[in-house]
Amino acid sequence: MAIVKMKKMFLLGLKDDLDSLLGALQRLGTVEIADVKEEEGGNSKITAELSELETKLSRLKFAIEFLRPYAKEQNPLIYGRPKVSWKKLEEILSREAEVFKIVDSIYRFEQRFSRLKTEEGRIVNQIELIKPWGALDIPVEDLGTTGKVDIKAITVPKKNFKEFMNKVKESDLPLEVIPVGESREESLALAVYHSSIRTEAQELSKEFSVNTEEFSGFTGTPQEIVCKLQERLEAIESERKSIKEEITKLSDNLLDLKAFYDYLLLEKQKKENLQKMADTEKIFVMKAYVPENSVESVNSAINSVTDTVHLEFEDPAEDDDIPVALSNPRLVQPFEIVTELYSLPDPREIDPNVYMAPFYFVFFGMMVSDAAYGLVLSLLSALALWKLKLAGMGKKLVELLFLCGISTFIWGIIFGSWFGDLIKVKPLWLNPLDNPMAVLYLSFAMGLVQIYTGIVLSAYKDIRKGKVADALMDQGLWLVFLTGLIMLAFPGTVGVAKYVALVGAMGLVLTQGRTQRSIIKKFTSGLLSLYNVTSYLSDVLSYSRLLALGLATGVIATVINTMAKMLGVNIIGYIAMVIIMAGGHLFNIAVNALGAYVHSSRLQYIEFFGKFYEGGGRAFDPLRMKTEYLDIEGH
Amino acid sequence: MEITLGQVLALLGAAMAVFLPGIGSARGVGMVGEAAAGVVTEDPSKFSQTLILQALPGTQGIYGLLTGFVVMQRIGLLGGNLLPLTTYQGLLVFAACLPIAVVGLLSAISQARAAAAGVGIVAKRPEELAKGITYAAMVETYAVLALLASILMLFGLRLS
Amino acid sequence: MPRDEEFLYASGRVKVLENRLLGRSVIERVLEAENMEAVLRVLSETDYAPEFEELESVYDFEKALENSMKKTLNTVRESLKDHRIVRFFTLKYDYHNLKVIAKSRILGADVPENLSNLGEIPVDELIKLGKGEGDAKVPEAMKAAYGEAMRLFEETQDPQQIDLFLDRALYEELIELTKEIGHEFLKDYLVALVDLINIKTMVRLKYMESDLKALEKSLLPGGTIEQAFFEKYFKEPVQSLVDALSSSRYAKVVKEGLENWISTGSPATYEKLSDDFLLGILKKGIYKPYGLETVAGYIGAKENEIKILRVLMVGKINGISEDVIRERLRDVYV
């Protein structure tokens, strides 16, 4: 019931109609086309078209992402996605050349940016290199050899410099070294010597790791060079600014680009589905899955395109890979997210959501269990639902929080907790801090209810498959045995309980080994199966977290209140008190809501689903208008 | 007022219940945080998902504080009338604090390992976040059970 | 031994970066590309885009690959406190440079070509060492190795001695390094690396009809297979080596690789298989949520990816057919 019944559709038609048929189905959005191609790869013409589409798409995407920071976009979370009509879209499509011209120019801008960046990096390095030479007041083109004299700009490692200068002073060579300045690791100097001692000078250079600075490619004094370079840096900056202005002008076209992108994306999806069909020269065959209730609309959509088709609907066969779509009451829908995060049901299985939702609802509330916290949660979620344009998983999650907030509110009233002990209200039932054991028993009881539900669902699954005997022997006998054990705990029923438990246990011992061959093995594995009672025990104990997490919320709320109240001695204290309370309680809500989400999910996944649920379904993914940026309206 | 050995033992128990799981949680949250920071350095969009995983090993510290608080309330420290506990009463309170103190410390670190591995899942397949959370939450069960044991013992003790 | 927790941050980063390693489909697309332009178009959609954008000519692709590797090494280095793990992978580049310098000195060339910028010792300092300047900032171990290698050359006038000696020095230092780091994963990897190289060396020398002395000099230290083992099988046919190793962990590599070598006379299959084997060791890192394995595995995978790209590019530039290139390709990590 809750898993939508699917029909298998076969469509035989003319290839000429194929494109318009796919277009109609895409707009309808309820048909998932299955792959009937046997060999890998597929039509090379389509493959080529697809890769062309991919190239266009990736170019457009690049341009869109590049332009985005320059455009004023409305946040889609608040305003929803922009809408575009087909008419407008057709108008944009007619300007394809223009649109791709914009893309090209964006690529050029990007290239200019990266070139400027490279140049900037180079210049910054050069400035760093030349700046220390600022005190040198001869043009660098005058360095080198002039007549009989060599003039060289040299760098000496700082640690060698003193020794180097001493050596120069001591020697009686016609050599003069004039210190000019210092860079980070080297001392800079001007060396002037007679050309005749070049060899000696080289020797000296080698000894002290002296290098010559060439300044190749520059003219003027170092100071002038730095000035020029800095001017260039400024020019780069202003060029960048002007490019940015030009880009900003282009950003008006962002919507066109997005529309074009989305259109191509839809085309691509159609093309991909084309590859799934079997065809001859003129005719194609399509196999698809359609939800039973949209068979009619599919029928009319196809007939509105063409008459020359043969259409057939039938029930899926045993080995068909049926996709899964869920259809649940509005109130249960938010809880689907819990199952979806685990695994979708198998198409031939039961949908657990209806059974799981009430438990999740109750458990979440019990773990947070504060009326005021519940109100805050629900109000915030309601605000988000009202103000934000949410869709998909995000929407379901917020709706889930809204519902769980209500449950939290109810449990808060039952336990009399409003911001912990801040507002004293008499509990409807009791305060768990006064009598934790009572709440612990309640937790176990609720756990038992869920475990029983799980066992019953498992039996139902067997019965649906026609295995009534298995259901009676496996799940039925366990129910009897467990019930007997539970009754043992109550003094009033102990007398009967013994017999009930005994009957259950006997039955289990006799039946659980029925797949074994020899009698001894039948008996031993039957006996051993009783050991499973420990797993039921640990399952029940696991529900004690309902109490523990509930207590945690309450006690921490009390801690926050106590700390805050200690401050309330003067006006500043009161302000601090309010701040601590607000912050503390918000923190507590966040931590406990996360904890409650995690732990009630876990109770479903391990304790509940473990009893009957297999999962492993594949989500129904019909051909539809799946766009990235815009919503396309109308036909 | 005279201070009894029982009072000292009870407070020692409360202190242990707070600081041991606190250490565990601090280390655990730190570990997951490091792995998360690594992921976010390369892919900032994963921030909120990794943050959830980082929060998971933090609960043990909260459980510890909670137990410590229950002790303080039970021995009358918060009301201002510290009960004149006997040595045996003090030992009882101390013993009641042990489950959450020890299990809290160790489970926080184990949980952090699972959560840090969960961060790896998020890095590769963000859509599988729920599975990463579930793996880490499996570890927390034992901290919850220990908390429950500690609290039930504390509520069960007759101290006055 | 370094604890796994020390690698949390780096592992987190690496897990994201692993997603950006080239998948099989990208490699396949490069393989199918018609010309270099098409190759560059495919790569421009990957993590290699910035490196290739700066290229002035496709023939400089080597530079782009090197820069990409450099970026990876820097990323890993800056996310680890203990840089020795990265050093394990970069040491070979320094020794490569050392070899280049030594040879260029023999040839009398002034500025050596083919220097790698992936090493951690500044190239300038190595050049200084080559020029014989005493104050070059090069670690003592490398300085000593260089000196010894040059001395050997003076003695024998055989440039191959330099290669042999520096290779040995490299592996000695690697052994030292893995001992210092003290992590089984790296040790295990190094052992396998040495063993596989030694097997190859032995077979090659055997086909070259070298003598025992040459073998002794060429075998690298640090493997699990003893030198005596190699000396024993050096005199016997290759097939008996295959049989002798049939119960070792290298059985598959040795059997397929060496038998192919025997029949075709080319070590290509053996080389491919041993690379696959080593990559297999590194691949274990992918299953570990965090730890040294994760990080080392990633660096290894990146190195492998660069090797693959190099094969692809060289093949494409020289117009080698798709099938031949495919044959030469290694496993892809992800």
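Reader: In chain C, take contacts between residues at least 6 apart in sequence. What share of them join residues at least 24 apart?
Author: That share is 66%. Keep in mind that this is a predicted model.

Reader: What is chain C built from, helices or strands?
Author: Chain C has 17 helices and zero strands.

Reader: How many of its residues count as buried?
Author: Of the 334 residues in chain C, 51% count as buried.

Reader: Why does the radius of gyration of chain C agree with a compact globule?
Author: Because a compact globule of 334 residues would have a radius of gyration near 20 Å, and chain C has 21 Å. Along the principal axes, the C-alpha atoms of chain C fill a box of roughly 50 × 50 × 45 Å.

Reader: Switching to chain A. At what angle do α1(A) and α9(A) cross?
Author: Roughly 115°, and their axes come within 10 Å. Helix α1 covers residues 15-28 and helix α9 covers residues 254-274.

Reader: Is that crossing right-handed or left-handed?
Author: The crossing of α1(A) and α9(A) is right-handed.

Reader: Which residues meet there?
Author: From α1(A), they are Leu18(A), Asp19(A), Leu22(A), Gly23(A) and Gln26(A). On the α9(A) side they are Leu266(A), Gln269(A), Lys270(A) and Leu274(A).

Reader: How does that contact split by class?
Author: Between α1(A) and α9(A) there are four nonpolar, three polar and two charged residues.

Conventions:
Residues are numbered from 1 along each chain as its sequence is written. Chains are lettered from A and ligands numbered from 1 in the order in which they are written. This is a predicted model: local features need pLDDT of at least 70, side-chain atom pairs count only at pLDDT 80 or more; totals for chains, interfaces and linings use all residues. Side-chain values use heavy atoms; hydrogens and water are left out. Axes are lines fitted to C-alpha atoms, for helices over the stretch in contact, and angles run from 0 to 180 degrees between N-to-C directions. Helices (H or I, at least four residues) and strands (E, at least two) are DSSP runs, numbered from the N terminus. A crossing is left-handed if the near helix is turned anticlockwise from the far one by less than a right angle, and right-handed if clockwise. Contact means heavy atoms within 4.5 Å. Ala, Val, Leu, Ile, Met, Phe, Trp, Tyr, Cys and Pro count as nonpolar, Asp, Glu, Lys and Arg as charged, and the others, Gly among them, as polar. The radius of gyration is taken over C-alpha atoms; the globule rule is 2.2 Å times the number of residues to the power 0.38. Buried means under 20% relative accessible area, exposed over 50%, partly exposed in between (1.4 Å probe, protein chains only).
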